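Me: I would like to learn how to read salt bridges in a protein model. Please take me through them with the structure at hand.

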Amino acid sequence: MKTTALNAETKFAEINNNKIAYRQFGNGAPLFFVNRFRGIMDTWDPLFLDSLAEKNTVILFDYPGIGSSEGELPLNIVEVAGTVPALADHLGIDKFNVLGWSYGGLVAQAVTFQNQKRVLKTVLIGTNPPGENAIPIEQVFFDHALKPINDLEDEYYLFFEPASEKSRQAAKESHDRIAQRLERSLIPSTMEVFQRYIAGSGTMKEDKLNFREGYKTLKSPVLVISGDHDISFATENWFPLLRNAPTMQHIILNDAGHGPQHQYPELTAGYINLFLG
């Protein structure tokens, strides 16, 4: 039987004295998936994952203290990012690609800048660059994202474009695909854990390691994918950086929100496969 997102076995790696949950499937160069705020291995759309697994070895994992992993989510994103090279070491992988969504996009950028000899290419979805960004998170994000439990109505606002019927229909289809394996009790639900994510995001805003400036000299290719109306990480915040990031490309998908890869899973995977190939 072919291994897919819906049947891949959960395994555990011993990292910093904690068991870190991960899954691995597909064929090709290793591609680490770095989770969003409140995200776990099963909050990715399986159609998106399987479309990428055709040409990449997909590696999913849960952060320390999140989902099926032991420990506690670090307050500093650079420390969170250390999980990726540590898991790569456990799997005997030297060089790899990294893909991060939302908060995970911040983590993925830290992975890239801290491991420039190991990261081949970086994909950033629904996220923002390090440092100060002009357009803040919209209040509607907090109204929905900080509820103990999110339902489909919340997802319309958090990841899609609720004003668009096309986007709402895509939201329902993606929600149903994700529900096939999702154990909702594993999703972080307490304000205590939310604050740890928020603190981590704050460290990237401070950007004490000057990652933002690092884009001027970064050698590895970076692909940014955004929806045209992202309520949490405004797409427009990338524009001042693009002229000063010679290895960066930016794709903006129409009528889409914070999760364009779930609205257009096969299209987005196609762009990513082309970029990684």
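Me: Which residue forms a salt bridge with D42?

Reply: Side chains of opposite charge can pair when their charged atoms come close. A salt bridge is counted when a side-chain nitrogen of Lys or Arg lies within 4 Å of a carboxyl oxygen of Asp or Glu. Here D42 pairs with R23, and their closest N and O atoms are 2.7 Å apart. D42 sits in the loop between β3 (29-34) and α1 (46-53), while R23 belongs to strand β2 (residues 18-26), so the pair links distant parts of the chain, 19 residues apart. Helices (H or I, at least four residues) and strands (E, at least two) are DSSP runs, numbered from the N terminus.

The model is predicted: local features need pLDDT of at least 70 and side-chain atom pairs pLDDT 80 or more, whereas totals for chains, interfaces and linings use all residues. Residues are numbered from 1 along each chain as its sequence is written, and side-chain values use heavy atoms, with hydrogens and water left out.

Me: Are D42 and R23 buried or exposed?

Reply: Buried means under 20% relative accessible area, exposed over 50%, and partly exposed in between (1.4 Å probe, protein chains only). D42 is buried because its relative accessible area is 11%, and R23 is buried at 6%.

Me: Which residues are linked with D42 in a network of salt bridges?

Reply: R23, D42 and R181 are linked in such a network. A search of the whole structure finds ten salt bridges.

Me: Where do D89 and R118 lie?

Reply: Their side chains meet in a salt bridge, 2.9 Å from N to O. D89 is in helix α3 (residues 83-90) and R118 in the loop between α4 (103-114) and β6 (119-125), so the pair ties together parts that are 29 residues apart in sequence. R118 is buried, with a relative accessible area of 17%.

Me: What is the accessibility of D154 and of K147?

Reply: These two residues form a salt bridge with the closest N and O atoms 2.8 Å apart. D154 is buried at 2% relative accessible area, whereas K147 is partly exposed at 34%.

Me: Which side chains make a polar contact with the side chain of D45?

Reply: A polar contact is a pair of N or O atoms within 3.5 Å; within protein, one must be able to donate a hydrogen and the other to accept it, and residues adjacent in sequence count only if both atoms are side-chain atoms. The side chain of D45 makes one with that of S174 (2.7 Å) and one with that of R177 (2.7 Å). D45 is found in the loop between β3 and α1 and is buried at 0% relative accessibility.
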